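Please look through the sequence and the model below before reading on.

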Amino acid sequence: MRIYSATDVGQKRKMNQDYVFATADPVGNLPNLFVVADGMGGHRAGNIASEMAVTDLGREWVATDYIDLSQIRDWLLVTLEKENQRIFELGQTDDFKGMGTTIEALAIVGKN
């Protein structure tokens with residue numbers, strides 16, 4: 001499988017707040033995982049939130065050994081909720097007040 005990603009700052013912002021994680025090849029027996037996050041436009045530290053989400057999910061993914069669809073679904077639900085809480089808590093501090101991100105995650109299960 002060949003993986004390509006590209007981001008663009010767009011026409012309204014001066015800073016690109018997009019981050020991408022993709023496993024180009026399955027890690028061991030793990031399915032491929034793709035994560036895309038975009039800091040919420042105009043929100044303070046959105047770039048930090050999106051980078052944090054993608055980096056943390058990617059790091060946690062390669063530490064798992066899930067290959068079953070239900071395990072992966074449950075892992076995504078729990079891990080995304082934990083990451084949301086981390087970002088929310090950091091967003092309560094003065095330096096990162098109100099930061100946020102959108103996030104999409106996809107795991108390809110089965111033959112690649």
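**Fold and packing**

The chain has two helices and three strands, where helices (H or I, at least four residues) and strands (E, at least two) are DSSP runs numbered from the N terminus. Along the sequence they follow the pattern β-β-α-α-β. The model is predicted, so local features need pLDDT of at least 70 and side-chain atom pairs count only at pLDDT 80 or more, while totals for chains, interfaces and linings use all residues. Residues are numbered from 1 along each chain as its sequence is written, and side-chain values use heavy atoms, with hydrogens and water left out.

The three strands form an open antiparallel sheet in the order β1-β2-β3; two strands pair if DSSP finds at least two bridges between them. β1 and β3 (101-108) are at the edges with a single partner strand each, so one side of each has no neighbour in the sheet. Neighbouring strands are turned by 10 degrees against each other on average, direction ignored. Axes here are lines fitted to C-alpha atoms, for helices over the stretch in contact, and angles run from 0 to 180 degrees between N-to-C directions. β2 and β3 run antiparallel and are joined by eight bridges. Alanine 37 stands opposite isoleucine 103 in β3.

Both helices pack on this sheet. Helix α1 (residues 46-62) touches β1, β2 and β3, and its direction makes about 165 degrees with that of β2; contact means heavy atoms within 4.5 Å. Helix α2 (residues 69-90) touches β2 and β3, at about 160 degrees to the direction of β3.

The largest nonpolar core has eleven residues, including Phe21, Leu33, Ala37, Trp61, Trp75 and Ala107. Such a core is a set of buried Ala, Val, Leu, Ile, Met, Phe, Trp, Tyr and Cys residues joined through side-chain atoms within 4.5 Å. Buried means under 20% relative accessible area, exposed over 50%, and partly exposed in between (1.4 Å probe, protein chains only). β2, α1 and α2 each give two or more residues to this core. A second, separate core of six residues includes Ala45, Ala49, Ala53 and Ile87.

Threonine 23 is in the loop between β1 (18-22) and β2 (32-39). Threonine 23 counts as buried because its relative accessibility is 5%. A polar atom of its side chain lies 2.8 Å from the backbone nitrogen of leucine 33. The C-alpha atoms of threonine 23 and alanine 107 are separated by 9.7 Å, although these residues are 84 residues apart along the chain.

Key. A polar contact is a pair of N or O atoms within 3.5 Å; within protein, one must be able to donate a hydrogen and the other to accept it, and residues adjacent in sequence count only if both atoms are side-chain atoms.
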